Amino acid sequence: TLLLLRRSTMPTVSLAFGYDTERPYGDLASKPEATKFRRKQLDFLGRLDDIFKKHDAPRTHFILGSWLRGYVDSGQVEELHDILGDDSLVELAQHSYSHQTIKAVPGQPDRIPTDLDVFVPDLGRGAGIVEGVFGVTPMGLRIPVGYLGDLRHNGTESLPKRLPTVGLKYVSSDLRGSKNSYEPELSVDRQPHTYAAVGAPEVVEIPSTGFQDVVFGDDKKAQAAGFGKLPTLDDLMDYYGNLFSDAVTMAEVNDIDITLALCLHPWAVMKYDPNLELHERQLNMALEKGMDIVTYGKIADRILAEA
């Protein structure tokens, strides 16, 4: 009798909460209301930290260097350090220093791509301020804005080989769905992988899955995303319930590990989930479904170990 060989362990669904921690930046950072917003955001980040500690769950913050500089200059950085810098459940990664784009973005002609010879030093600057404030070297990067497809296309093929020069071992750049939508799909094909194909086997791409949450608090983006109106907490819970269930089913049906990496923003969460009710329910649901809540860095370590 021919026996089919199957893996000895059950497939795992890894869920990563990744926060692009970035506002205020640019012109907004110097406006009078920026200091007040930073204060409000500190309070929010503290409550977010409490929720994750309650569940003993980790998360990743992609720190924009100029955003962090605002906390240094406003004298609020010690409080920020107390929230993000003294917590073993928090992975600190980077989001560049200046939030520059490196590819054209359809429908956004004002976003002019930056030359990689300018962008890479900006990453070094971003790493430097994170190291200076928190004493850790960020190993991961969330590419600002994000694109349809990863860095193997459209003139960015040389970037993965340059990322280790600024201490990076993973990048999350594939953040858009079909027709450049804010909803990259969950699929077997859109899973973390190395950049061996372009000569960087030591660098991992971690695509995000599901809506970038910037759509949840913006009327126009919500309508374009198909919600018709700003989604309620129940709407969002239904959405994430279906997304989490689909990931579990995909892992079981294909007998493979599945990664679900969320692209979130504290400034957006402050709008659509100010009391963190959705986060509480997301964490409970993920644990009930047996999902493994991890950092982006842990995902990268697993992919490199399996390569």
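1. Two elements, β4 (140-147) and α8 (266-272), each supply at least two residues of the lining of the largest pocket; helices (H or I, at least four residues) and strands (E, at least two) are DSSP runs, numbered from the N terminus. The largest share of that lining, three residues, comes from α8.

2. The model is predicted: local features need pLDDT of at least 70, side-chain atom pairs count only at pLDDT 80 or more, and totals for chains, interfaces and linings use all residues. Residues are numbered from 1 along each chain as its sequence is written, and side-chain values use heavy atoms, with hydrogens and water left out.

3. The largest pocket has a volume of about 360 Å³. On a 1 Å grid over the protein atoms alone, a pocket is an open set of points where a 1.4 Å probe fits, with protein on both sides within 12 Å along at least five of seven lines; lining residues have an atom within 4 Å of a point. A volume is the space filled by probe spheres set on the points, which are joined across faces, edges and corners. Of the 24 lining residues, Arg23, Arg111, Tyr182, Val214 and Trp267 lie nearest the centre. By class, nine are nonpolar, six polar and nine charged. Ala, Val, Leu, Ile, Met, Phe, Trp, Tyr, Cys and Pro count as nonpolar, Asp, Glu, Lys and Arg as charged, and the others, Gly among them, as polar.

4. The second largest pocket has a volume of about 250 Å³. Arg23 and Trp267 are among its lining residues, along with others including Phe37, Lys40 and Met270. Helix α1 (33-54) and α8 each supply at least two residues, and α1 gives the most, with four. This lining has six nonpolar, no polar and four charged residues.

5. Arg23 also lies over the face of Trp267, at 3.6 Å from the ring centre. A charge sits over a ring if NZ of Lys or CZ of Arg is within 6 Å of the ring centre and within 35 degrees of the ring normal. Arg125 lies over the face of Tyr97, at 3.8 Å.

6. The structure holds 15 salt bridges, each a side-chain nitrogen of Lys or Arg within 4 Å of a carboxyl oxygen of Asp or Glu. Arg162 and Asp117 form one, at 2.9 Å from N to O. Arg162 lies in helix α5 (residues 159-162) and Asp117 in helix α4 (residues 116-134), so this pair ties together parts 45 residues apart in sequence. Arg162 is partly exposed at 27% relative accessibility, whereas Asp117 is exposed at 53%; buried means under 20% relative accessible area, exposed over 50%, and partly exposed in between (1.4 Å probe, protein chains only).

7. There are 14 aromatic pairs. Rings of Phe, Tyr and Trp (its six-membered ring) pair if their centres lie within 6.5 Å; planes under 30 degrees apart count as stacked, over 60 as edge-to-face and the rest as tilted. Phe62 and Tyr296 have ring centres 5.0 Å apart and planes at 90 degrees, so the pair is edge-to-face. Phe62 sits in strand β2 (residues 59-63) and Tyr296 in helix α10, 234 residues apart. Both Phe62 and Tyr296 are buried.

8. Phe216 and Tyr240 form another edge-to-face pair, with 6.3 Å between centres and 80 degrees between planes. Both Phe216 and Tyr240 are buried.
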